[in-house]
Amino acid sequence: MTLLKKFQLFSTSRLCVILAIIYTLIAYGSLQLAFEGTNASPVWPPSGLAFSAIWFLGYRVWPGIWIGAFIANMIVFMHNGWAFIPAAPVSGLIGIGNSMEALTGVFLLRSFAEGIVLLSRVGDIFKFVFAVLVACLSSATIGTSAVYFIHPAPGVSFDMIWFTWWLGDVVGVIVFASLFLTYHRKLWQISSWQSVLEALLIGFVLIAVNAGIFMGKFPEYGFYSHVTYLILPFAIWCTYRFGFPGASFSILTTSIIAVFGSMYHLGPFVGQRVPEDLVIVECFIGVIAVTVLTLAAALFERQKADEDIKYNEARFRSLVENSFEVIALVDTQAKVLYTSPPTKHILGYDNEELLGHPMFEWMHPEDVPEVVGIFQGLVNSPGGIAHATCRMQRKDGTWRWLEGSGRNLLDDPAIGAIVVNYRDITERKLFQQRFEQVVEFSPIANIMVDRKGSIQLVNKTTEMLFGYSREELLNMKIESLVPEKFRHYHPDFREGFHHAPKARPMGVERELYALRKDGKQVPVEIGLTPIETEEGLCVLASIVDITQRKKAEEILRRDKESLERLVDERSKELIKTQKELKQFSHLADIGTLAATVAHELRNPLGVINLAAYNLKKERVELGDNRHLVNIEKKIWEGNQIIDNLLSYARIKIPNYEKIDIFHILDECVSSAQGRFGEKGITIEKEYAHGLDNIEADANQIREIFMNILNNACQAILKPGGLVVLKVKQDGPMLRVSVQDNGVGIAEEDLNKIFEPFFTRKSKGTGLGMTICNELVNLHQGKIEIDSQLGEGTTVSIILPMHRRDHVQASSN
Amino acid sequence: MFRLLLIDDDEELCAELCQVLEAEGFKVDTAYDGERGLRCLQDKEYHIIILDLKLPRLNGYGVLKKIKANPRKTKVMVLSGRPLGEPLLKEDGVSQDEEEKVLGLADLVINKPFMIENFITKVKVMALSVVEKSQ
């Protein structure tokens, strides 16, 4: 066919020229057999050529046919002595007829049998023959009319010419076109040397028989014509064995030998004239051709059907055998009637080992009762379907999980068994088991919920968290575990999750609670994960009890608050301490100065004192020591001033101890009495009874009262002075008041009394009350002064009985 | 004859105190600074040393340490310008901790100002104890 494709690529004009040349040659040859002066030949292969050319190369090549027919006819007419004028138009008309015949035939065949390439079906052969019979009418009619009416030949009737013409064209197309139309390279391939031998033999026999019949001399016209039927068995044999090639060979052999025989007045159809004989021969050839073609097509159809069946069978077999699923047929006793090859892969057994055994033989004993039940149900419901999952033992002893479905086709005559499809789901099952184990032993409570909200799976932790048993939880509505307050919102949330299933935490920025069986609510955190299961999309909720964490957070929060409070207090104290320290540093500056001055002053005073002493000793005999006594007195006063200065400088943080306040006061009183006794001052003591020891610095307390008593005594200038010392407890405070009947303090001086170096006394540093105030303040006490000018003063020292804790903290 | 060494930088004080002590029958030498005081100790034996703390060259603490570095029967009476616990001045040259320890070396510490009669009594008591020891 590659040659054909090359031809198809040629230009139309080139094809026309080639076609015209070939057509001219064949037509010229054929016209030699025509009735004299008519160009109506009973043998007309050019019609087959024309049909084939139009069929394979397209309608476009018709001019080649016309030209070929025109030239061939012209040559023959001119040779027969026709003048140009009748010969040319007659030839032209004949050419038109021949072209039309081919065009019409192809057109009809195409419209009858669309898309065929080979005349491979019986129906196609009949359509082909019909198209040819119809198409050849045009050529015969136009050609005969042209010859008969334009240049009639003597002694030839119109209908005879027409019939000869038509028949010649029909047989020409059927014989020759069928050769081309049925040609296919594959059909001509030689499969074995036996078939070559057979082909040679049958070819020889066919030729021999044809030659024997058509080359033989038969004594009587028409009497022996039936011997031609001898050809049929051989033509049929040839066709039967070799299909279309055989048919084509038979037709060609018969045609050529029969036509040649008749041309030389041989064969059973020999009559008066060659053309008439050939008409009968052509009829015979036409019949033979249609017969063997039909037979070939029928054979081809059957062969193709067989191949289709084989192909389909192979395809289904392949599908069944290469499937991952096994197809098995079992009877009502579950005995295996058939099982597909993958069985070997899944169970390790060959098919033969299984046949005739009930399938329960390999099933896990635990699974048998359930599957038997399902199987019995299936047996009793014709056409029904059932599903089961079970374990089967492989030949090597291992167990495989199989999932299968069975269909009852006992009533189906083609099957008559129960069809079981099953596949190996061991991997899936193992994965599922692992998943369930992971969930079961998770420290997090896991609950799997289906779309309707009923619980499908829970683990041990879930039981503990909610206080329900597993049996109670399974198939319970998940809403039962949601506190009532949120319960009616929950189904909407659940539905929402199914619309957009992806792993996420539940209830972001909301506090979630789980409702226990005992009604208690537990704070929880929940993560949601969508999981695809056999029952559809489920949600795995992972629930963590955060009670402990909440507690810890609460404790942390509380601790933080108290820590903040503590820091606050401490920083307040620190600020206070800083203030105090600042005061101390101020005092220290004065202290340094005072100590320096005191030291420097003491030495000269000491020397003066010594000098006065020595002078006094030397002048004892003089008797008058008045001036020396004055000097010594002033030296003592000078020393007092230095002491005051030094003690102000010495002020420091109290050294707390339990002290007996009365004992200290007595010391001070006796000291004062020693100094001021000569002034005639009486000191009265009014001590409250049953007073505890107080916590204070003994030296500082002593210093305070020394000063106060000193001041009180010094304030008394008139005789009959009285100082009353009162001690009493006032709640947590100790109140010591020193009342004198001295000069009193002017109102404008009262608020200056604690200022350093303030004094109204002729002799005094102005530090006494300053020191007292400092010391009392250090003890967290206070000084109250009540004074009337000219009447006297009452100074009250109020001290806490016990040291104040935070003072201790700051002093530490 | 009882020998006393008075180490004090105040010349007037030394003169007056000498008179007081000599009136009581003591033989008194004086030194006006620490180094001179120590030199006197190398030359002669003294029963009692009366030592001021504030001295030029070597102060009283230094002198006291040197005296007590060698075992002697000499007694040391320190005349302190201030009672214990008073803030120390920079020129004292000892730390607060050292002060107590060094002063502990002295046989007696008398704070200024002192009553002259008391002072005389204390010197006499000390002199007696020296006599008892030497006997």
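## Charges over rings

A charge sits over a ring if NZ of Lys or CZ of Arg is within 6 Å of the ring centre and within 35 degrees of the ring normal. In chain A, the charged end of A:R315 sits over the ring of A:F316, at 5.8 Å from the ring centre. The ring of A:W55 has the charged end of A:R110 over it, 4.5 Å from its centre.

## Basis of the model

This is a predicted model, in which local features need pLDDT of at least 70 and side-chain atom pairs count only at pLDDT 80 or more, while totals for chains, interfaces and linings use all residues. Residues are numbered from 1 along each chain as its sequence is written, chains are lettered from A and ligands numbered from 1 in the order in which they are written, and side-chain values use heavy atoms, with hydrogens and water left out.

## The two chains

Chain A has 25 helices and 18 strands. Helices (H or I, at least four residues) and strands (E, at least two) are DSSP runs, numbered from the N terminus. Of the 812 residues in chain A, 44% are buried; the term means under 20% relative accessible area, with exposed set at over 50% and partly exposed in between (1.4 Å probe, protein chains only). Contact means heavy atoms within 4.5 Å. Among contacts in chain A between residues at least 6 apart in sequence, 63% join residues at least 24 apart.

Chain B contains five helices and five strands. Read from the N terminus, its elements follow the order β-α-β-α-β-α-β-α-β-α. In chain B, 50% of the 135 residues count as buried. For contacts in chain B between residues at least 6 apart in sequence, the share joining residues at least 24 apart is 71%.

## Aromatic pairs

Rings of Phe, Tyr and Trp (its six-membered ring) pair if their centres lie within 6.5 Å; planes under 30 degrees apart count as stacked, over 60 as edge-to-face and the rest as tilted. This rule gives 15 aromatic pairs over all chains. One of them is the edge-to-face pair of A:Y148 and A:F149, with 5.4 Å centre to centre and 85° between the planes. A:Y148 is partly exposed at 29% relative accessibility, and A:F149 is exposed at 59%.

In chain B, B:F2 and B:F26 also form an edge-to-face pair, with centres 6.1 Å apart and planes at 90°. B:F2 lies in the segment before β1 (3–7) of chain B and B:F26 in the loop between α1 (11–23) and β2 (27–31), so the pair ties together parts that are 24 residues apart in sequence. B:F2 is buried at 17% relative accessibility, and B:F26 is buried at 8%. Back in chain A, A:Y148, A:F149 and A:F158 form one aromatic cluster.

## Packing of α7 and α10 in chain A

Two packed helices are described by the angle between their axes and the distance between the axes. Here, axes are lines fitted to C-alpha atoms, for helices over the stretch in contact, and angles run from 0 to 180 degrees between N-to-C directions. In chain A, the axes of helix α7 (residues 158–181) and helix α10 (residues 274–322) come within 9 Å and cross at roughly 35°.

The residues of α7(A) in this contact include A:M160, A:F163, A:L167 and A:V171, and those of α10(A) include A:E276, A:V279, A:E282 and A:A289. By class, the contact of α7(A) with α10(A) has twelve nonpolar, four polar and two charged residues. For this count, Ala, Val, Leu, Ile, Met, Phe, Trp, Tyr, Cys and Pro are nonpolar, Asp, Glu, Lys and Arg are charged, and the others, Gly among them, are polar.

Helix α24 (residues 768–778) of chain A has ten of its eleven residues buried, so it is largely enclosed by the rest of the structure. Among the buried residues are A:M769, A:N773, A:E774 and A:L778. A:Q780 follows α24(A) and lies in the loop between α24 and β17 (782–788) of chain A. A:Q780 has a positive phi of about 65° although it is not a glycine.

## Other sites in chain A

A:A334 also has a positive phi, near 70°, in a residue other than glycine. A:A334 is in the loop between β1 (326–330) and β2 (336–339) of chain A, and is buried with a relative accessible area of 0%.

A:S30 belongs to helix α2 (residues 12–31) of chain A and is buried at 6% relative accessibility. Leaving out residues up to four places away in sequence, A:S30 touches A:S41, A:V43, A:W44, A:P45 and A:P46. A:H663 is in helix α21 (residues 661–676) of chain A and is partly exposed at 47%. A:H663 and A:R702 are 39 residues apart in sequence and 9.8 Å apart in space, C-alpha to C-alpha.
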